[in-house]
Amino acid sequence: MPAVHHKLLLEDALQDSPQTRSLLSVFEEDAGMLTEYTNQLLQSMQRVFGAQSEMGLATEQLSRQLLEYEKKNFALGKGDEEVITTLQSFAKTVGELNSLHSVLANQMADSMVFPLIQFREKDLTEISTLKEIFGIATDEHEAAMVKYSRLPKKKENEKLKTDLVKEVAYTRRKQHQASLQYYCALNALQYRKRVAMLEPMLGYTQAQISFFKKGIELVSKKMDNFLSSVSNMTQSIQAQLDTEAEAMRASQRELLSVEDTVYMPDKDTEPVNRTLIQKAGYLNIRNKTGLVTTAWDRLYFFTQGGNLMCQPRGAVAGGMVLDLDNSSVMAVECEDRRYCFQITSPSGKTSMILQAESKKEYEEWICTVNNISRQIYLTDNPEAVAIRLNQSAIQAVTPITSFEKRQEGSPNPDRAKPGGTHAASSGSQKTGAAPEPEDLIAPGTPIQFDIMLPASEFQDQNRAGGRRTNPFGETDDDCSTGSDDSLLQQVFAVRFLGSMAVRCGDNQEVIYEAMRQVLAARAIHNIFRTTESHLMVTSSSLRLIDPQTQVTRISFQLGEVCQFAAHQENGRLMGFLVEGRDWSDGDEEGEPSFSAFVFESNTEGEKVDALKNDASLRRGNPVDCRTDVLLTCSSFGLYSQICYTISLAKDITEAKKVTAPCGDMLHITFKVKNPFRVVVF
């Protein structure tokens, strides 16, 4: 290394000439710049040491994190056994590297950071201290020289002169000593700064070389084969990824090349599949949020076996919403929304209204629920069964008929629901197989979906002064009281669904078949609107009354009603058979003909059925000439009506009102003019 050419001469320290002072200022400036640079260099080295220490902590955490992969139990982690084994090997290697990083950090602290700190604290701090001492000594010498220079020459004071001479000598010696120490330190600093700059980097380099040597030994001896196998495995995975990515890009281009109608709701071009036994997709479901308020939620629905499942977005699995076995599905109108349908449980107690986003989805959901309700999915070949059962359009959208269900699963198929005065006897006599639908209703029989009152008939009723029927059984003062309809009157709010001709009137199953075909036809032809009417049950007739005009739209005598039944699963569906005469063949008596009428009521159909039975005339049963009748009176007005009506045709011998725990009772004793006809309530 070349020698230092610039230094302060110690011989010039006592003279303290301006040239010496000028050279001293150069050394002081150099020392100041060295101090500033040393602080910056130390900051950089401390940062390197801190990074190396953090590297040790980071590698330790990395080793622990690699071992955590096995404990995560990924749901899609099948086939990760090789990855787990490889990561465990990497964790072990990283742990060994962590120990090397720790050693490297300690070496950096001892051989790089500490020498530079020592140089700053010892040498640079010493220069700064000596500079201050030299400045103080110089100031004291200057002050002593000022005092000495002021000694008078006329009146010399030997004592004062001696004191000032001693003071000047003392301060000059002190300045000389301070300058010698200061000059020596500045001269030595020119050598020490070179050592201070090189020694930390020498220690840093040696520490890194030692680290790399140990690392090379670790990798070369233990990990050559391991790293080679890992490299081959990653290359294989990358090749698979490239192949899969290209396939996905091709699939993406193909999927995006479709027409815009694919993204448009209700633009389906494919025909409706009516043979589905599984269906999935988003539907809107109506939920009740208050007494009269509702809200619609869009959820994902799917069928699983015989269950309708619902899975909210973000949920891991779906939950069962409704058991679809033997359920019923029907298109409905709801809150001015399109494509709504209602699914009702077999008991009729649970129902839900859903909305599809397109007509195709709407029809396929109805068909799928219908097919599941028939329990087609339990057969050996459900697809073939669905195709066979859906060859007829009428059988595509409604549940299986009630009597078919009873023949297949009911322990007592001859059990009759309330209603139908002859159903019990006919059912008990039936010993053969259940009748086919063709035996009950002729194929292709037209269905009437509404009862329209002809305009001419309506005008004739008005011109003739026809009285509008009061649905509550109350009469005006000027109305005739001779009608026996006042004996019993009850009004039910119903919606007429349809009517059709049937082949027989002595079998209650024909009503169930008519219900099925009417509901099927409505769903197929998208006929959702129904007209609400009032069904009045009196002691002599059934009347369907327009609630707006109170005009009787159609009326049947009770004698013409031969069967009356409510649906066995959906209690709000009811129907009855009416017997008429067909004189088209020229027969004087006419051939008997039967028609089925199907209604949906807000009241359970069994209640209407039971009331009709109470109002029916039971003929051909002989009774005693004296008969006691016990009636429950809901009001005194009904009590008076019954007494008055019975008195028109019978001789009342006794009529009195009694009180019982169940309510007011009417006990009537009368003679019957015709012993073979009696009204039973």
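This is a predicted model: local features need pLDDT of at least 70, side-chain atom pairs count only at pLDDT 80 or more; totals for chains, interfaces and linings use all residues.
Which residue lies over the face of Tyr282? I looked, and Arg298 is there, at 4.4 Å from the ring centre.

**Overall look**

The chain has 681 residues, and 38% of them count as buried. Its secondary structure comes to 13 helices and 20 strands. I checked the contacts between residues at least 6 apart in sequence: 68% of these join residues at least 24 apart.

**Aromatic pairs**

My search of the whole structure turned up 15 aromatic pairs. I opened the pair of Phe134 and Tyr183, which is tilted, with 6.4 Å centre to centre and 50° between the planes. This pair links distant parts of the chain: Phe134 belongs to helix H2 (residues 81–149) and Tyr183 to helix H3 (residues 158–222), 49 residues apart. I looked up burial too. Phe134 has a relative accessible area of 3%, so it is buried. Tyr183 is at 0%, so it counts as buried as well.

Then I went to Phe556 and Phe576, an edge-to-face pair at 5.7 Å centre to centre, with 70° between the planes. Here two strands are linked: Phe556 sits in S12 (residues 552–557) and Phe576 in S14 (residues 573–582), 20 residues apart. Phe556 is buried at 9% relative accessible area, and Phe576 is buried at 2%.

**Cluster**

Which residues form one aromatic cluster with Phe556 and Phe576? I noted Phe496, Phe564, Phe597 and Phe599.

Key:
Residues are numbered from 1 along each chain as its sequence is written. Side-chain values use heavy atoms; hydrogens and water are left out. Helices (H or I, at least four residues) and strands (E, at least two) are DSSP runs, numbered from the N terminus. Buried means under 20% relative accessible area, exposed over 50%, partly exposed in between (1.4 Å probe, protein chains only). Contact means heavy atoms within 4.5 Å. Rings of Phe, Tyr and Trp (its six-membered ring) pair if their centres lie within 6.5 Å; planes under 30 degrees apart count as stacked, over 60 as edge-to-face and the rest as tilted. A charge sits over a ring if NZ of Lys or CZ of Arg is within 6 Å of the ring centre and within 35 degrees of the ring normal.
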